[in-house]
Amino acid sequence: MPGNPNEIKLVNNAMSNATRRKMMNFLSAGDKSTEEIGGEVGKTMLDFHLKLLQQASLIEIEEGIVRLSEYGKNFLKEKEEKGADKTADISQAKPIEITEVRQLLPCIADSSKFRVIANIAPPLGGTLKVLEPLFPRGKYSGKINALIIQKGEIITTVYGTGKVTMTMIKNEDEAKESLKNLKNTINEAITKGVAPAPREKVRVEPMEIYKYLPQTNCSKCGDQSCYTFAIKLMGGETSLDKCTPLKESKYVTNLEHLQVLANYI
Ligand code: SF4
């Protein structure tokens with residue numbers, strides 16, 4: 001039974017492919033002949049897929065009959081319990097196109113910058129959750145079915161409906177460039193058909209938090225200064241809602257940034 005890191009790698013590799021996942025699910029209904037499996041998932045590279053599943057100890061093959069191993073059965077059961085595969089399968093997603101940028105509105109936080117609204121087609125729906133690890137500072141929100149991505153000053157929100165908003169954009173060229181990068185990153189993963197691996201945790205520094213606080217040192221949060229508040233926030237000793245000035249409309253973008261950063265503390 002897989003236990004050491006190399007064996008776990010074999011399992012992860014075996015299950016990273018949509019055809020092999022389909023084979024495992026097909027086998028969960030009972031033993032099958034290689035013919036039946038070929039009829040279900042296609043005959044292309046069938047031997048190769050079977051070999052990888054066998055090497056990972058997920059299946060056993062005897063005289064042309066394929067069955068889930070005990071480990072394979074437990075693996076599927078655990079996955080089902082965790083609901084790990086209940087999100088949309090990336091292998092079903094189609095490459096996206098960015099349709100025209102629809103609006104360029106002045107940014108609430110900084111009138112020299114723009115808030116952009118665009119559309120992607122086809123909409124990504126539930127696949128967005130699977131794409132979260134593609135972006136070092138990306139966070140999927142189930143509440144609004146959207147992927148929120150922070151990169152530098154820009155916050156991009158990709159909704160399951162296909163709508164995309166971007167804040168703190170300098171000009172139309174920057175909007176187009178950022179949208180193009182977004183499209184390429186997503187399409188690369190969709191073309192591979194493999195859900196991205198979990199990302200490494202991004203380190204957030206107190207100065208980065210401080211940068212988006214109002215910096216008025218008003219003490220309404222109970223702390224002497226915004227920097228003290230930033231340090232306490234990092235240590236989990238306070239929460240963003242204690243800084244009530246952040247609720248003012250002029251800080252709406254700052255709050256968006258801080259909410260994204262707070263996910264990485
Ligand atoms: S309430 Fe907000 S603005 Fe005022 S000191 Fe605290 S962190 Fe700074």
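The model is a predicted one. It holds one cavity of 30 Å³ or more, and the ligand sits in the largest cavity. Three strands form an open antiparallel sheet in the order S1-S3-S2, and S5 pairs with both S4 and S9.

**Ligand and cavity**

- The volume of the largest cavity is about 90 Å³. Of the 14 residues lining this cavity, Cys 218, Ser 219, Cys 221, Cys 226 and Cys 243 are the closest to its centre.
- By class, the lining of the largest cavity consists of eight nonpolar, four polar and two charged residues.
- Around the ligand are Pro 214, Thr 216, Asn 217, Cys 218, Ser 219, Lys 220, Cys 221, Cys 226, Phe 229, Cys 243 and Pro 245.
- The shell around the ligand divides into seven nonpolar, three polar and one charged residues. Cysteine counts as nonpolar in this division, so Cys 218, Cys 221, Cys 226 and Cys 243 fall in the nonpolar group of the shell.

**Second largest pocket**

- The second largest pocket has a volume of about 260 Å³.
- Its lining is made up of Phe 135, Pro 136, Ile 149, Lys 151, Ile 154, Thr 156, Met 166, Ser 178, Asn 181, Leu 182 and Thr 185.
- Three elements each give at least two residues to this lining: strand S7 (146-151), strand S8 (154-159) and helix H7 (172-192). H7 accounts for the largest share, with four residues.
- Six of the lining residues of the second largest pocket are nonpolar, four are polar and one is charged.

**Sheet S1-S3-S2**

- The open sheet has three strands in the order S1-S3-S2, with antiparallel pairing. Strand S1 (32-33) and S2 are the edge strands, each pairing on one side only.
- S1 and S3 run antiparallel and are joined by two bridges. In this pairing, Ser 33 stands opposite Ile 65 in S3.
- Strand S2 (residues 59-62) pairs with strand S3 (residues 65-68) over four bridges, again in the antiparallel sense. Here Glu 60 stands opposite Arg 67 of S3.
- S2 and S3 form a hairpin with two residues between them. One of the turn residues, Glu 63, has a positive phi of about 50°.

**Strands S4, S5 and S9**

- Strand S4 (residues 97-106) and strand S5 (residues 114-121) run antiparallel, joined by seven bridges. Ile 98 stands opposite Ile 120 in S5.
- S5 also pairs with strand S9 (residues 163-169), over five bridges in the antiparallel sense. The bridge partner of Asn 119 in S9 is Lys 163.

**Aromatic pairs**

- The structure contains two aromatic pairs. In the pair of Tyr 71 and Phe 75, the ring centres are 6.2 Å apart and the planes stand at 45°, so this pair is tilted.
- Tyr 71 and Phe 75 both belong to helix H5 (residues 70-82). They are separated by about one helical turn because they lie four residues apart in that helix.

Technical notes. Residues are numbered from 1 along each chain as its sequence is written. This is a predicted model: local features need pLDDT of at least 70, side-chain atom pairs count only at pLDDT 80 or more; totals for chains, interfaces and linings use all residues. Side-chain values use heavy atoms; hydrogens and water are left out. On a 1 Å grid over the protein atoms alone, a cavity is a set of points where a 1.4 Å probe fits but cannot get out, and a pocket is an open set with protein on both sides within 12 Å along at least five of seven lines; lining residues have an atom within 4 Å of a point. Grid points are joined across faces, edges and corners, and a volume is the space filled by probe spheres set on the points. A residue is near a molecule or strand if one of its heavy atoms lies within 4 Å of it. A molecule sits in a cavity or pocket if more than half of its atoms lie within 2 Å of its grid points. Two strands pair if DSSP finds at least two bridges between them. Rings of Phe, Tyr and Trp (its six-membered ring) pair if their centres lie within 6.5 Å; planes under 30 degrees apart count as stacked, over 60 as edge-to-face and the rest as tilted.
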